[in-house]
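Hello,

Here is the structure for you to open. My notes on the ligand site and the backbone follow below it.

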Amino acid sequence: MTKNVGNANNQASDERVVVQTLAWSDGGLELIDQRVLPQRFTTIRCNSAAAVAEAIRTMVVRGAPAIGCAAAFGIALEARRQCTQNPIAFASALEAAFALLAASRPTAVNLFWALERMRDELARCKSMSATDAASRLVAAAHAIYRADIAANKAMGHAGAALVPDGARIMTHCNAGALATAGHGTALGVVRSARDQGKSVSVIANETRPFLQGARLTAWEMVQERIPVTLVTDNMAAHLMKTGQVDLVIVGADRIAANGDTANKIGTYGLAVLAAHHRLPFYVAAPLSTIDRGTPDGNGIPIEERHGDEVTGYGATRWAPQGVATRNPAFDVTPAALITALITEKGVLERPDEAGISALF
Ligand code: MRU
């Protein structure tokens, strides 16, 4: 490890997190570089919206809530950078920053949610100097960050009630501390269940092609000594059929108004498998992941990533040159396959439009 950004001791106890994915320090944003975990633990410093947008695009920081928090800090950074400009130049630089960050990744709605919160704050600063507006935007980004940790802890508490002692919990991708401001959504439920004294273990699907399960979920669980078993994605059906999984918990990138849920590619298949084997399939996500403007899953934009992630990983290539690839990064699980949605407002069984609307 080259740098330890864990255990922010200056935080209030309800904001304390073990893995600090994002940290505001000396007017800059430090991000754990998630592309190189677990081989190396390094951080990258961003001082502008462009640097944050690039970090989101290249997956230095990933996971829906973490992307949202990073984008909010991106606006704050840009406001500080531009605050000596005249008001027109300041406004147009911030407009460019909003556009750049909004174009960084398409599926996780938390990105757009956070940018909207920052835009609202900027609108409230209309009569202020650019310097005062910049301070207000920094404070607004911190508020989004703190609210995410609080939401994850509330979600963890609510979700832990669904986890029996001794549960073997399958998860997909990484919906942990690394994917949020801290504690995690799906892994937040696991952490909270463990904190309540339950003996729980995690089965982490490796999550081809970007390996968030193998690299990030496994790393987080090993760091905290929560028992974790790594499997390849195609082992899930066998493990369920032979009674080696008790429940599935995943995170979400965007939940439509009717409860249809976009999450990492492979999640839909897991939900079908869980239904077939009569296992509970839970989605843990904060309200900032719910997109009430999108009626159902058909309207959720699915990011298509480069084929290089399918033909190999890093410097290693296993497929022949010239082969065609597909690389949709997310899929949509129909609401009917979701046993319950775990949010900071509590557990919503069989999520549907009415139930989701009542959360707001
Ligand atoms: O492509 P990624 O790594 O950003 O995808 C992340 C996921 O799909 C997570 O499951 C989701 O964002 C929930 S994170 C709390």
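Please keep in mind that this is a predicted model.

The ligand first. There are 19 residues around the ligand, and Arg62, Arg105, Asp253, Asn263 and Lys264 come nearest. By class, this shell has eight nonpolar, seven polar and four charged residues.

- Asn263: a polar side-chain atom lies 2.6 Å from an oxygen atom of the ligand.
- Arg105: an N or O atom of the side chain is 2.8 Å from a ligand oxygen.
- Gln212: the distance from a polar side-chain atom to a ligand oxygen is 2.8 Å.

How much of the ligand's own accessible area does the protein cover? The protein covers 100% of the 420 Å². The ligand sits in the largest cavity. Helix 2 (64–82) and strand 9 (261–264) are the elements that give two or more residues to the shell. Both domains take part: domain 1 (2–152) and domain 2 (157–359) each supply at least three shell residues.

Now the backbone. Most peptide bonds are trans, and most residues other than glycine have a negative phi.

- Leu37 to Pro38 is a cis peptide bond, with omega near 0°. Pro38 lies in the loop between strand 2 (28–32) and strand 3 (43–46).
- Arg208 to Pro209 is also cis, with omega near 5°. Pro209 lies in the loop between strand 5 (201–205) and helix 7 (212–223).
- Arg225 is not a glycine, yet has a positive phi of about 55°. Arg225 is in the loop between helix 7 and strand 6 (228–231).

Best wishes

Conventions
Residues numbered from 1 in each chain as written. Predicted model: local features only at pLDDT ≥ 70, side-chain atom pairs only at ≥ 80, totals over all residues. Heavy atoms only, no water. Near = heavy atom within 4 Å. Polar contact = N/O pair within 3.5 Å; in protein donor to acceptor, adjacent residues only side chain to side chain. Areas by Shrake-Rupley, 256 points an atom, 1.4 Å probe, with all protein chains shown as cover. 1 Å grid on protein atoms, 1.4 Å probe; cavity = no way out; pocket = protein on both sides within 12 Å on 5 of 7 lines; lining within 4 Å. Sits in = over half its atoms within 2 Å of the grid points. Helix = DSSP H or I, 4+ residues; strand = E, 2+ residues; numbered from the N terminus. Nonpolar A, V, L, I, M, F, W, Y, C, P; charged D, E, K, R; others polar. Domains from an automatic or database assignment.
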